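This report looks at helix packing and aromatic pairs. Please have the model open while reading.

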Amino acid sequence: MALLTPLLAFLYHLPQVYKWLLKPYYVASLFMCAAFLAVRKIPGICEHLSTQREDGNPCDFDWREVEILMFLSAIVMMKNRRAITVEQHVGNIILFSKVANVILFFRLDIRLGLLYLTLCIVFLMTCKPPLYMGPEYIKYFSDKTIDDELDRDGRVTWIVEFFANWSPECQSFASVYADLSLKYNCAGLKFGKVDIGRYGEVSKKYKVSTSPLSKQLPSLVLFRGGKEVMRRPQVDKKGRAVSWSFTEENIIREFNLNELYQNSKKLNKTKGADKTSQSQFPPVPEEEEPQQEGGDIQGEESESKKDK
């Protein structure tokens, strides 16, 4: 059953996975993941490799290599049990496959291990996972605009994601957050994002740590009237985030999005009613007070008689 569930999930999302695999980042990653397999199996190369097999066949895995691959496969299965999106499943497979390749190459030949490790470092520094580019109703803040937007209308509730582009968790969560914005965005409930990896002052002001050890990325914060109401994940006294799964169901339940959306739609109706009333009943111009010309003339005549 542990193998059947991820297999069915993979087949269900196969068309989407196929599109991702055609992107340069994933194509290069798949070649790197299969590097040791290719070296060990391709004729003309495998004959020059050492082996610990009893039959002396250098073109097949020995028992220690099989043991390493099985161990890392078990780790991938355990990590994928907590994965939310297909991106996280594929990312875990790529990450631990590269780790397995590093171990296997170093065990085979230290020179091959150093070469593969260098390629992994260069790939990590030069190639970044593709960012989510799908439809969304999200406002992107900077350090100069976030405070003004949150304080502009006290009736509007904001859900803001604090993220960093380098974080794999934030990259995987991007599609989930975009789907939520498409479903629940309205005049009284809006969604925003701010890159605290770029704007460090925002990170300090709203107390969201960018350290990988704190595990606070991504963080979702609910603002009402410019003030924080709640956030997930919560942070303990040591500054570490309390374990919380960023699934769509958890976010809807914890932030009570269904009720927020119903209440926020009323604000949209009131705004529409105000606009229609202003258009149907234009402001009435103020009437000017009539000048009391007669009184002024009588006053002038009385003053002239007194002078005489």
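## Handedness and the model

A crossing is left-handed if the near helix is turned anticlockwise from the far one by less than a right angle, and right-handed if clockwise. That term is used for both helix pairs below. The model is predicted.

## H6 against H7

Two packed helices are described by the angle between their axes and the distance between the axes. Take helix H6 (residues 86-108) and helix H7 (residues 110-126). Their axes come within 5 Å and cross at roughly 155°. Angles over 145 degrees count as roughly antiparallel, and H6 and H7 are therefore roughly antiparallel to each other. H6 passes H7 in a left-handed crossing.

Which residues make the contact? H6 supplies Lys98, Asn101, Val102, Phe105, Phe106 and Leu108. H7 supplies Ile110, Leu112, Gly113, Leu114, Tyr116, Leu117 and Phe123. By class, the residues in this contact of H6 with H7 are 10 nonpolar, two polar and one charged.

## H5 against H6

H6 also packs with helix H5 (residues 63-80). Here the angle is about 160° and the axes are 10 Å apart. That angle makes H5 roughly antiparallel to H6. The crossing of H5 and H6 is right-handed.

On the H5 side, the contact residues are Arg64, Glu65, Ile68, Leu69, Leu72, Ile75, Val76, Lys79 and Asn80. They meet Gln88, His89, Asn92, Ile93, Phe96, Val99, Ala100, Ile103, Leu104 and Arg107 in H6. The contact of H5 with H6 has 11 nonpolar, four polar and four charged residues.

## Aromatic pairs

How many aromatic pairs does the structure hold? The count is 13. A pair of aromatic rings is described by the distance of the centres and the angle of the planes. One of the pairs is Phe173 with Phe246. Their rings lie 5.2 Å apart, centre to centre, with 65° between the planes. Planes over 60 degrees apart count as edge-to-face, and this pair is edge-to-face.

The pair links distant parts of the chain. Phe173 sits in helix H9 (residues 168-184). Phe246 sits in the loop between strand E5 (227-232) and helix H11 (248-254). The two residues are 73 residues apart.

Notes. Residues are numbered from 1 along each chain as its sequence is written. This is a predicted model: local features need pLDDT of at least 70, side-chain atom pairs count only at pLDDT 80 or more; totals for chains, interfaces and linings use all residues. Side-chain values use heavy atoms; hydrogens and water are left out. Axes are lines fitted to C-alpha atoms, for helices over the stretch in contact, and angles run from 0 to 180 degrees between N-to-C directions. Helices (H or I, at least four residues) and strands (E, at least two) are DSSP runs, numbered from the N terminus. Angles under 35 degrees count as roughly parallel, over 145 as roughly antiparallel, 65 to 115 as roughly perpendicular and the rest as oblique. Contact means heavy atoms within 4.5 Å. Ala, Val, Leu, Ile, Met, Phe, Trp, Tyr, Cys and Pro count as nonpolar, Asp, Glu, Lys and Arg as charged, and the others, Gly among them, as polar. Rings of Phe, Tyr and Trp (its six-membered ring) pair if their centres lie within 6.5 Å; planes under 30 degrees apart count as stacked, over 60 as edge-to-face and the rest as tilted.
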